[in-house]
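Colleague: I am new to this one. Could you take me through it, starting with a helix?

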Amino acid sequence: MRFSSRRQLIIETLHACTNHPTAEELYEIVRKTMPSISLGTVYRNLNLLVDTGDIRRFEAPGQGKARYDAKKEEHTHLVCTECETVYDVELQSVTGFDAEVEKATGFVTAEHDIVLKGTCRSCRSNLIR
């Protein structure tokens, strides 16, 4: 796949983001560098990058919008229900999860997106005060 300057900027910007932005949030960041880019162009390129496996898309429960992640390796997302921040976490127990599902059901997992909802450390400390 040929990377246009727009697509290259979108993927580079997503790699620099740690907050798992929505398409609209990514658009606001990208247009600071390329004011002529449209929201439609951002959406089309994100969809193409997801289809080619260059990035991941996931739904954060309760937020109603897809979020995008440049980290392609399978990992778990933690979503704070207070501040809506999304965090990455590597859990070794997830590795055995696919084998356990197959043993119990015969279902072979190709990939998974695990999203856990709760309250982050920062919000919890603010609630306690």
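Colleague: Which residues of H3 are buried?

Modeller: Helices are DSSP runs of H or I with at least four residues, strands are E runs of at least two, and both are numbered from the N terminus. Buried means under 20% relative accessible area, exposed means over 50%, and partly exposed lies in between, with a 1.4 Å probe and protein chains only. The buried residues of H3 are Thr-41, Val-42, Asn-45, Leu-46, Leu-49 and Val-50.

Colleague: Within what arc do the buried residues of H3 fall?

Modeller: Look down the axis of H3, using the directions from that axis to the C-beta atoms. The buried residues line one face of the helix, because they fall within an arc of 165°.

Colleague: What kind of model is this?

Modeller: Residues are numbered from 1 along each chain as its sequence is written, and side-chain values use heavy atoms, leaving out hydrogens and water. Local features need pLDDT of at least 70, side-chain atom pairs count only at pLDDT 80 or more, and totals for chains, interfaces and linings use all residues, since the model is predicted.

Colleague: Which residues are exposed on the other side of H3?

Modeller: One face of H3 holds its buried residues. Across from them, the exposed residues are Arg-44 and Asp-51.

Colleague: What covers the buried residues of H3?

Modeller: Contact here means heavy atoms within 4.5 Å. Both helices and strands take part. The cover includes helix H1 (5-16), helix H2 (23-33), strand S1 (56-59) and strand S2 (66-69).

Colleague: How far apart are the end C-alpha atoms of H3?

Modeller: H3 covers residues 39-51, which makes 13 residues. The expected span is 1.5 Å times one less than the number of residues. That gives 18 Å, and the distance agrees: the ends are 18 Å apart.

Colleague: In what order do the elements of the chain run?

Modeller: The chain has five helices and five strands. Read from the N terminus, the order is α-α-α-β-β-β-β-α-β-α.

Colleague: What share of the residues counts as buried?

Modeller: The C-alpha atoms fill a box of roughly 50 × 45 × 20 Å along the principal axes. The chain has 129 residues, and the buried share is 33%.

**A buried proline**

Colleague: Is Pro-21 buried or exposed?

Modeller: Pro-21 is found in the loop between H1 and H2. Leaving out residues up to four places away in sequence, Pro-21 touches Leu-14, Leu-26, Ala-66, Arg-67 and Tyr-68. Its relative accessibility is 1%, so Pro-21 counts as buried.

Colleague: How far is the C-alpha atom of Pro-21 from that of Asp-69?

Modeller: The two residues are 48 apart along the chain. Their C-alpha atoms are separated by 7.6 Å.

**Salt bridges**

Colleague: Which residue forms a salt bridge with Arg-67?

Modeller: A salt bridge is a side-chain nitrogen of Lys or Arg within 4 Å of a carboxyl oxygen of Asp or Glu. The structure holds three. In this one the closest N and O atoms are 3.4 Å apart, and the partner of Arg-67 is Glu-25.

Colleague: How many residues apart in sequence are the parts that this pair ties together?

Modeller: Arg-67 is buried, at 7% relative accessibility, whereas Glu-25 is partly exposed, at 34%. Arg-67 lies in strand S2 and Glu-25 in helix H2, so the separation in sequence is 42 residues.

Colleague: How many helical turns separate Arg-31 and Glu-28?

Modeller: These two form a salt bridge with closest N and O atoms 3.3 Å apart. They are three residues apart in helix H2, so the separation is about one helical turn.

Colleague: How far apart are the closest N and O atoms of Glu-90 and Lys-71?

Modeller: Glu-90 is partly exposed at 49% relative accessibility, and Lys-71 is partly exposed at 26%. Their salt bridge has its closest N and O atoms at 2.4 Å.

Colleague: Where is Lys-71?

Modeller: This pair links distant parts of the chain, 19 residues apart. Glu-90 sits in the loop between strand S4 (86-89) and helix H4 (93-105). Lys-71 sits in the loop between S2 and strand S3 (76-80).
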